[in-house]
Amino acid sequence: MTDFDLDRRTPAGALQTVDRALLVLLAFERTRPDWGVTEVAEEFGWDTSVAQRLLATLAGRGFLVSDPVTRRYRIGPAVLRLGRLWERSGSLELLAGPVLEELRRVTGDTVLFCLPDSFHMRCVAAEEGEAGPLRYYPLVGELYPAHAGATSKSYYAYLPDEQRHRLFRGRPMARFTDRTVTDPDRLEEEFLKVRAQGYAFTVGEYDTGIATVAVPVFLGREPYGSLSLGGAEELFREAPDDRLDALRHAAQLLERRLTHPPQRPKPRTRRPRTA
């Protein structure tokens, strides 16, 4: 079974063949990066001929690629193209916006939703806090360094150890304030602490006087981004316990909207007037 909780029933009015093809694409995960024809047929209870035609059709359009030796299928370049388009199309902000607005209303803090971008986290959606803007320029689009601040640490802490070590070992890291950690061993200790407690909390690591608490956002079991609250240091206590419940709840709502986007309500049928 995949990391996503898939509803395998074809919705009423939907095309069964299209729905099955989409189910196949959603079955690919980091923990299950390739599939064979027989495995797909057994996983979904289809005839082998049906699974073969679906996989071949998806490969023909570039959504999958087939290994000529093993005859197993992996995700293809067309998925990458759509993924990049999705992150920059504005659709992501539409889904995240209501969650960020509600979190800002509950906490009063500035809210950031960020995604990884090379050795940075890129802000893709934001809501300014009640105390005023943290920047004199838009927050959306800003890049946060991977080694400085809770916004980044809450994501990179959840990468597989080998992948994280490749990113941080042997790389020069800038010092932004006297609290910025640039030693790889100390960073690794902090990443382990973040994973153990489930959140990151930093004060003045990237901006002097700014405190940030952040949690990871997952798609299935995969870390996808981070959701964070930020504000002036004096507005935060020594520990962010009073904000964590709201932040974690918002992250769960965001994960749900990203994996199961809200459906447009069906139009109400107007009853004929009676004489």
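Helix axes here are lines fitted to C-alpha atoms over the stretch in contact, and angles run from 0 to 180 degrees between N-to-C directions. The model is predicted.

**Helix packing**
- Helix 5 spans residues 91-107, and helix 9 spans residues 241-259.
- Their axes come within 10 Å and cross at roughly 165°.
- Angles over 145 degrees count as roughly antiparallel, so helix 5 and helix 9 are roughly antiparallel to each other.
- The crossing of helix 5 past helix 9 is right-handed.

**Nonpolar surface patch**
- L15, V18 and L22 make up a nonpolar patch on the surface.
- Together these residues have about 300 Å² of accessible area.
- L22 sits in helix 1, which covers residues 16-26.
- The relative accessible area of L22 is 47%. Partly exposed lies between under 20% for buried and over 50% for exposed, so L22 is partly exposed.

**Positive phi in loops**
- R71 has phi near 60°, a positive value in a residue other than glycine.
- The loop that holds R71 lies between strand 1 (64-66) and strand 2 (73-75).
- R71 counts as exposed because its relative accessibility is 65%.
- S118 also has a positive phi, near 60°, and is a residue other than glycine.
- With 64% relative accessibility, S118 counts as exposed.

Note on methods: Residues numbered from 1 in each chain as written. Predicted model: local features only at pLDDT ≥ 70, side-chain atom pairs only at ≥ 80, totals over all residues. Heavy atoms only, no water. Patch = residues over 30% accessible without salt bridge, like charges linked within 9 Å, V, L, I, M, F, W, Y side chains within 5 Å. Areas by Shrake-Rupley, 256 points an atom, 1.4 Å probe, with all protein chains shown as cover. Salt bridge = Lys/Arg side-chain N within 4 Å of Asp/Glu carboxyl O. Helix = DSSP H or I, 4+ residues; strand = E, 2+ residues; numbered from the N terminus. Buried < 20%, exposed > 50% of the residue type's maximum accessible area, 1.4 Å probe, protein only. Parallel < 35°, antiparallel > 145°, perpendicular 65-115°, else oblique. Left-handed = near helix turned anticlockwise from the far one by under 90°.
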